Amino acid sequence: RKRNNAKYRGGGEEKDSDGFAVPSGGLNGKKLMKDPTIRTDFLPDPERDAQMAAEKARLVKEYVAEQDRIRNEPLEITYSYWDGAGHRRIISIKKGATIREFLDSARRQLEPDFPEVRGLSADSMMYIKEDIILPASVTFYELIKTKARGKSGPLFHFTAKEDIRLIQDVRVEKEDSHAGKIVDRKWYDKNKHIFPASRWELYDPNKKFDTYTIHGSEVTTKK
């Protein structure tokens with residue numbers, strides 16, 4: 001009669017439906033073994049993929065937490081309120097603050113000594129660092145992280161030397177920097193053809209400066 005090949009397990013061994021024992025262990029009764037020389041790492045492996053995804057998520061979470069920590073670190077900034085002469089001040093903000101937030105804090109600091117500042121808003125003021133006009137939306141964290149550079153010095157150091165009037169090669173990184181200037185936008189519009197405003201230009205993160213250069217002279221008056 002025709003043999004039925006359906007299988008079931010009974011008495012500890014595998015049998016077909018007619019009760020005949022079926023050899024275990026693969027083809028022709030031989031046990032199939034994995035060839036260790038054949039790569040299988042490209043094959044789908046749900047457990048391995050889950051472990052890799054979990055590790056990636058952990059690293060991303062750690063990175064984000066570290067960057068948030070850095071953004072919340074205090075940053076001391078030396079700046080000069082410029083109205084034709086320099087009036088030096090020091091203020092502390094968070095590294096993650098925008099230029100607009102910095103200008104608003106500086107405005108409040110300057111108001112007691114400079115009545116003309118009281119009628120200004122952060123948007124009617126400008127911050128110029130190393131002859132570069134920095135946009136209100138840029139953060140100090142961005143400038144520090146990218147090691148941004150200006151025409152006359154680094155944009156990522158915010159303490160200041162008294163004066164660094166020399167030509168510097170940006171390939172040799174210097175920590176020397178000038179105090180950034182805060183000006184009334186109306187003052188800039190009236191004086192942008194006169195030094196030092198004639199040297200100022202808008203920030204372009206894609207523009208590279210091969211050398212730091214400073215020309216002319218300025219008068220810094222401390223109050």
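**View 1. Arg58 and Glu55 in helix H1.** Arg58 and Glu55 lie three residues apart in helix H1 (residues 46-71), so about one helical turn separates them; helices (H or I, at least four residues) and strands (E, at least two) are DSSP runs numbered from the N terminus. The two form a salt bridge with the closest N and O atoms 2.6 Å apart, a salt bridge being a side-chain nitrogen of Lys or Arg within 4 Å of a carboxyl oxygen of Asp or Glu. Arg58 is partly exposed at 38% relative accessibility, and Glu55 is partly exposed at 35% (buried is under 20% relative accessible area, exposed over 50%, partly exposed in between; 1.4 Å probe, protein chains only). The model is predicted: local features need pLDDT of at least 70 and side-chain atom pairs count only at pLDDT 80 or more, while totals for chains, interfaces and linings use all residues. Residues are numbered from 1 along each chain as its sequence is written, and side-chain values use heavy atoms, leaving out hydrogens and water.

View 2. Arg108 is partly exposed at 46% relative accessibility, and Asp104 is partly exposed at 25%.

**View 3. The open sheet.** Six strands with mixed pairing follow the order S4-S3-S8-S5-S6-S9; two strands pair if DSSP finds at least two bridges between them. Strands S4 (86-94) and S9 (201-202) are at the edges with a single partner strand each, so one side of each has no neighbour in the sheet. Strands S3 (residues 74-82) and S8 (residues 180-184) run parallel, joined by three bridges.
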